[in-house]
Amino acid sequence: MGLKQNLHNLKEKYKGTKMEQSFNALHTFLYLPNITTHSGAHVRDAADLKRVMNTVIMSLIPALIFGMFNAGFQHYGQINGFPASGMPFLTTDFWNLDNLLVGASKILPMLIVSYGVGLGVEFIFATVKKHEVEEGYLVTGMLVPLIMPIDLPLWMLAVAVVFGVVIGKELFGGTGMNVLNPALTIRAFLFFNWAAWMSGDKVWVNGAKEGVMNAAGTDAISGETILGTLAANKPLLHSAQDMFFGFIPGSVGETSTFMILLGAAFLIFTGIGSARIMISSVIGAVVMGLIFNTLVTSGVIVEGSKFYSLMNFPFWQHLLVGGIAFGIVFMATDPVSASQTGMGKIIYGFFIGFFSILIRVFNPAYPEGVMMAILLMNVFAPTIDHYVVQANINRRMKRLKVKTT
Amino acid sequence: MSKDIRIKKGLDLKLKGSAECKISDASRSKVYAVKPSDFHGVTPKMIVKEGAIVKAGEVIFYSKNDESVKFVSPVSGTIQEIKRGEKRVILEILITADSQNVCLEHSKKNPKDLSSQEVKAHLLASGCWPFIMQRPYDIVANSADTPKAIFVSGINSAPLAADLNYTMNGKQDALAAGFTALTKLTTGKVHVTVSPLADFMPNVDGVSVHKGEGVHPVGLVSTQIAKIDPINKGDKVWTVQIEDVAIIGELFITGKLNLQRIVALTGTGVESPSYVTVTMGAQLSDVLGSNLKGGNYRIISGNVLTGDKKSKEQSLGFYHSQVTVIPEGDDYDFFGWNLPRPNKFSVYRAGMFSFLTPSKKYDLNTNTNGEHRGFVLTGKYEKVFPLDIYPMELLKSILVKDIDQMEALGIYEVAPEDFSLTEYVCVSKQDHQAIIRAGLDMMIKEVG
């Protein structure tokens with residue numbers, strides 16, 4: 001009782017001062033505010049934006065935890081050799097403290113920088129513009145470390161977060177107004193500024209950049225992703241099972257399709273994530289994958305072509321590697337930057353999947369396309385919605401014409 | 001031609017405190033009030049002064065923009081006060097009731113024998129006209145118009161709403177006369193939608209009776225209009241509440257305007273939820289009487305989704321047949337934004353488990369359960385919105401005052417009440433009904 005009353009008194013005290021927004025932001029984390037309805041519906045649903053955002057964060061936890069262990073697993077596996085017993089899911093070869101420590105020591109600082117810097121910017125904007133601190137960044141802050149290479153310097157991340165939040169979101173008017181997905185804006189910023197840290201074969205496993213030597217005195221760690229291997233037309237070292245469960249190099253949270261599917265199921269079940277976007281994205285990716293597979297089987301693309309390995313890669317395995325699963329489930333479904341109409345979501349999702357695979361295969365510099373595909377479709381989402389809504393408008397016009405004739 | 005309407009997109013809020021089928025008379029108030037603000041868009045022009053003595057049914061003011069539309073006193077007595085607010089806007093007219101309750105007598109008429117002009121003149125003169133509402137815009141109908149059709153909803157699907165089978169029981173004759181009068185007002189049809197279980201609807205020539213089933217908002221007249229004969233640009237249709245059709249009918253049969261309603265007292269703030277017979281304009285303290293629990297409650301004239309917040313001293317709304325009393329929610333809730341809350345209801349499954357108990361009844365309070373935010377989630381409003389309209393797009397077009405887009409997206413087809421459910425499920429806690437009302441007012445001003 002005491003805490004509640006004290007905080008209430010403080011809230012009254014700070015009303016109208018510079019502290020108001022910051023204090024309220026913290027206060028509403030402890031207590032659901034005492035705001036009541038005044039007009040319209042006198043009762044309201046128990047869910048608010050905080051609860052919704054919280055649900056999305058919870059859906060990201062499996063991928064985050066797996067990512068921490070996998071960072072260590074890839075690191076030690078490349079130095080000491082991977083366990084011979086095969087797939088280590090449910091074994092201590094994977095779930096051990098050493099692995100976790102490598103991951104945690106890298107990923108927790110990223111998480112702290114991401115949230116610290118991002119929320120800092122949000123608080124400043126809220127105070128200056130005198131609006132409430134909005135929840136949008138809670139999810140963005142969690143997404144950001146999950147789509148980064150493990151060794152990314154923290155200062156780069158901080159710069160990118162400032163850019164993403166200010167240019168990507170606040171300039172448009174804050175949560176709910178942005179055109180592009182903020183987390184992907186941050187990633188795109190990093191990618192175009194420090195490409196050497198964001199792509200290539202030296203960044204995806206902890207230690208690859210520093211050139212940790214093995215006993216033989218050669219580079220122990222190759223930080224190449226599966227897509228990188230394919231783009232270079234080299235033989236694959238991982239089974240489809242490894243890809244599905246995620247024992248492969250890649251951005252922190254993107255590797256385990258299995259954990260991502262857990263998150264997807266949770267999002268769809270809670271009614272927060274859009275199943276339409278997810279399913280139609282998968283369909284789009286499968287269609288493009290099948291087209292490429294057919295090009296190979298029909299002999300249009302033959303061995304020796306620089307696209308051969310990526311095109312020959314079975315269409316369903318395309319869904320297991322790279323960031324496509326993560327992007328489809330957690331980024332494409334961002335309701336603000338996605339299409340907002342039912343039909344629009346289907347079209348929007350389809351092209352995300354379609355373009356992801358297309359860019360992945362044809363872009364030689366950067367063998368992953370989901371980031372570009374989502375950003376591209378973010379830009380087109382309002383256009384798609386426009387035509388879907390126009391169909392509704394035309395239906396209404398037609399009704400009017402039938403009446404007047 | 002009768003239509004079957006089946007509504008799946010919507011939501012039945014299950015609340016505690018539904019009215020038991022027993023009825024009593026509310027104690028007679030000392031003071032009755034007529035509030036011009038109950039009639040949206042009407043600017044009142046008084047024709048009586050403070051201190052004047054009026055009969056029940058006598059005209060006290062008329063509408064400035066449509067002078068034949070008159071408003072009457074519900075009781076006989078003395079005009080005690082004409083309360084004015086800023087810029088001398090009339091807030092309410094208080095009438096001290098006398099003990100006799102003398103009614104103004106009109107001649108008894110059979111609407112069948114009257115021409116449409118005669119019916120119209122009688123309704124206008126007797127003060128029944130404000131019962132007739134116009135779409136588009138959801139305002140009192142313009143007496144110069146002839147509508148394309150008249151729609152009456154015979155379903156009360158709102159939370160805890162009065163059971164029409166109970167309140168309309170024994171009013172068949174009045175309904176028959178009222179509907180006959182309505183048929184004279186339109187060149188088209190009079191459409192009534194009732195539930196398949198309804199037993200109060202008489203057979204009247206020129207009235208088509210439709211069957212409506214499903215979840216709320218099946219009982220909202222916009223839903224029924226959209227399914228039966230949608231409104232196009234340039235159309236005018238009228239709507240009347242079925243309780244008011246009976247009042248109109250009674251006027252023709254008895255020659256007296258009997259402004260009484262059977263009101264359902266509902267909600268957990270009511271000691272024993274039941275029905276009372278109330279004269280319109282009665283103070284809510286008299287309507288509720290000893291039935292009101294002590295404590296921090298909100299009194300709502302109407303239902304929880306569309307009603308008006310009132311104090312005990314204020315009067316029952318002109319169009320309302322329900323009073324709901326629910327707990328105020330002006331308290332903080334520790335980690336109320338993320339912990340499961342078994343005493344609250346959510347259509348989302350985000351840490352809320354109300355989906356496991358679909359038939360559980362809730363005692364919801366007036367807390368917004370969150371702060372006002374920009375529109376974020378999409379595709380949720382459509383699940384509780386049965387009209388062929390994009391609700392969020394329409395709301396946004398109103399917020400940016402884009403008249404052409406509002407028209408194209410179907411603003412003529414909606415009333416604020418249609419957005420009560422989207423407002424309920426909105427996680428951004430936007431006030432949808434207020435936005436729609438503002439949009440309609442903008443259209444009245446710009447388009448007319």
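Me: What separates the centres of domain 1 of chain B and domain 3 of chain B, and how do you know where the domains lie?
Reply: The centres of domain 1 and domain 3 of chain B, taken over C-alpha atoms, are separated by 26 Å. The bounds come from an automatic or database domain assignment. That assignment divides chain B into domain 1 (4-12 + 107-254), domain 2 (31-97) and domain 3 (370-446). This is a predicted model, in which local features need pLDDT of at least 70 and side-chain atom pairs count only at pLDDT 80 or more, while totals for chains, interfaces and linings use all residues. Residues are numbered from 1 along each chain as its sequence is written, and chains are lettered from A and ligands numbered from 1 in the order in which they are written.

Me: How many residues of domain 1 of chain B are in contact with domain 3 of chain B, and what makes a contact?
Reply: Two residues are in contact if their C-beta atoms, placed from the backbone, lie within 7 Å. By that criterion, 16 residues of domain 1 of chain B are in contact with 18 residues of domain 3 of chain B. Helix H4 (residues 221-228) of chain B gives the most to the domain 1 side, with three residues. Helices (H or I, at least four residues) and strands (E, at least two) are DSSP runs, numbered from the N terminus. The domain 1 side comprises nine nonpolar, four polar and three charged residues. In this classification Ala, Val, Leu, Ile, Met, Phe, Trp, Tyr, Cys and Pro count as nonpolar, Asp, Glu, Lys and Arg as charged, and the others, Gly among them, as polar.

Me: Why is Phe385(B) called buried?
Reply: A residue is buried if 20 or more other C-beta atoms lie within 10 Å of its own, exposed if 12 or fewer, and partly exposed in between, with C-beta atoms placed from the backbone. Phe385(B) has 23 other C-beta atoms within 10 Å and is therefore buried. Phe385(B) is found in the loop between E21 and H7 of chain B. Apart from neighbours within four places in sequence, its contacts are Lys9(B), Pro391(B), Leu421(B) and Thr422(B).

Me: Why is helix H5 (residues 136-146) of chain A described as largely enclosed?
Reply: 11 of the 11 residues of H5(A) are buried, so the helix is largely enclosed by the rest of the structure. Among them are Gly136(A), Tyr137(A) and Pro145(A). The buried residues of H5(A) pack against helix H3 (49-80), helix H4 (97-129), helix H6 (154-168), helix H7 (182-193) and helix H15 (324-331) of chain A.

Me: What makes a set of residues a nonpolar core, and how many residues has the largest?
Reply: Such a core is a set of buried Ala, Val, Leu, Ile, Met, Phe, Trp, Tyr and Cys residues joined through C-beta atoms within 7 Å. The largest has 238 residues, and those with the most contacts inside it are Ile150(B), Val263(B), Val287(B) and Val323(B). Leaving aside neighbours within four places in sequence, Val287(B) has contacts that include Ala26(B), Val263(B) and Val323(B).

Me: How do you know that strand E8 (residues 77-84) of chain B and E9(B) pair?
Reply: Two strands pair if DSSP finds at least two bridges between them. E8(B) and E9(B) have seven bridges and pair in the antiparallel sense. Glu81(B) has Leu94(B) as its bridge partner in E9(B). The two strands form a hairpin with five residues between them, and Lys87(B) in the turn has a positive phi of about 55°. Strand E3 (residues 31-34) of chain B is also joined to strand E9 (residues 90-97) of chain B, by four antiparallel bridges. There, Val31(B) is partnered by Thr96(B).

Me: Why do strand E4 (44-46) and strand E7 (70-72) of chain B stand at the edges of their sheet?
Reply: The open sheet has three strands in the order E4-E6-E7 (chain B), with antiparallel pairing. E4(B) and E7(B) each have a single partner strand, so one side of each is left without a neighbour in the sheet. Three bridges join E4(B) to strand E6 (residues 59-63) of chain B, where Met46(B) stands opposite Phe61(B).

Me: What makes strand E1 (residues 31-32) of chain A a partner of E21(B)?
Reply: Two antiparallel bridges join E1(A) to E21(B), and at least two are required for pairing. Leu32(A) stands opposite Asp333(B) in E21(B). The contact between the chains takes 63 residues from chain B and 51 residues from chain A. H9(B) gives the most to the chain B side, with four residues.
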